[in-house]
Amino acid sequence: MTSSIFGVFGYGSLVNSDTLRTSYISVHRARVRGWRRQWLRRPEGFGDFALAKDLAFLSASPNENDGWMDGMIVLDSSKNLPALDEREMLYDRIEMEHSDVEWLDEIPDSAKSAPLYIYSAPSEPAGQDLRILRSYLDAVLQGYHRAFGEDGVVGFLATTTPAGLEIWEDRATPLYPRSVVLTATETEVIDRYVPLQI
């Protein structure tokens, strides 16, 4: 029997519910085993950033060390899956085993048998010549700050590779189409940890 809902594990902008564009059901803190976050080179001329060159974008790849990655599971209606696939057009959607997911919030009964997915992009790893949009990073880190506090911001930066990438300062005029507005506290925390590069 096909499930009427699905869950997707967000580890980047999907952690932040302000970036979601479907009438999702609920969001829940969770961690997944066997995956790690990494910055990749974004293909040029692809989607919303067609005019922005040398950009890094966030993906997840299998982690041979069997480590855990914090994030958010978004539960949504199955009718919205095509729209999410379109949003994540750079990625492959991969189904996860429930045994590889640790829910940090109470598990809804509806999620216990629903398929759980993660998006992973087959792209070139980022080099030191790439930049990260500040407006994109703001959306990601706001989501981690709201879900996990300041420790979430620190943990994200400490466990995402590679380090040392420069920031493209576009907060005043965001290029990221799902940009967010930070509170004063969020701005202070993010700017303390991400001044000019990460």
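Q: Ground rules before we start: which pLDDT limits apply?
A: In this predicted model, local features need pLDDT of at least 70 and side-chain atom pairs count only at pLDDT 80 or more, while totals for chains, interfaces and linings use all residues. Residues are numbered from 1 along each chain as its sequence is written, and side-chain values use heavy atoms, with hydrogens and water left out.

Q: OK, the second largest pocket. How much space lies in it?
A: About 210 Å³. That volume is the space filled by probe spheres set on grid points, which are joined across faces, edges and corners. A pocket is an open set of points on a 1 Å grid over the protein atoms alone, where a 1.4 Å probe fits, with protein on both sides within 12 Å along at least five of seven lines.

Q: Which residues lie nearest its centre?
A: Arg 37, Trp 68, Asp 70, Gly 155 and Thr 159, out of 14 lining residues. Lining residues have an atom within 4 Å of a point.

Q: And which elements give two or more residues to that lining?
A: Strand 3 (35-41), strand 5 (68-77), helix 2 (134-148) and helix 3 (150-158). Helix 3 gives the most, with 4 residues. Helices (H or I, at least four residues) and strands (E, at least two) are DSSP runs, numbered from the N terminus.

Q: Switching topic. How many salt bridges does the structure hold?
A: 16. Each is a side-chain nitrogen of Lys or Arg within 4 Å of a carboxyl oxygen of Asp or Glu.

Q: Back to Asp 70. What does it form a salt bridge with?
A: Arg 31, with the closest N and O atoms 3.4 Å apart. Asp 70 lies in strand 5 and Arg 31 in strand 2 (residues 26-33), so the pair ties together parts 39 residues apart in sequence.

Q: Is Asp 70 buried, exposed or partly exposed?
A: Partly exposed, at 31% relative accessibility. Arg 31 is partly exposed too, at 24%. Buried means under 20% relative accessible area, exposed over 50%, partly exposed in between (1.4 Å probe, protein chains only).

Q: What about Glu 169, which side chain does it meet?
A: Arg 134, in a salt bridge at 3.1 Å, N to O. Glu 169 lies in the loop between strand 11 (166-168) and helix 4 (184-193) and Arg 134 in helix 2, so this pair ties together parts 35 residues apart in sequence. Arg 134 is buried, with a relative accessible area of 3%.

Q: Which residues are linked with them in a network?
A: Asp 138, Arg 171 and Asp 191 are linked with Arg 134 and Glu 169 in a network of salt bridges.
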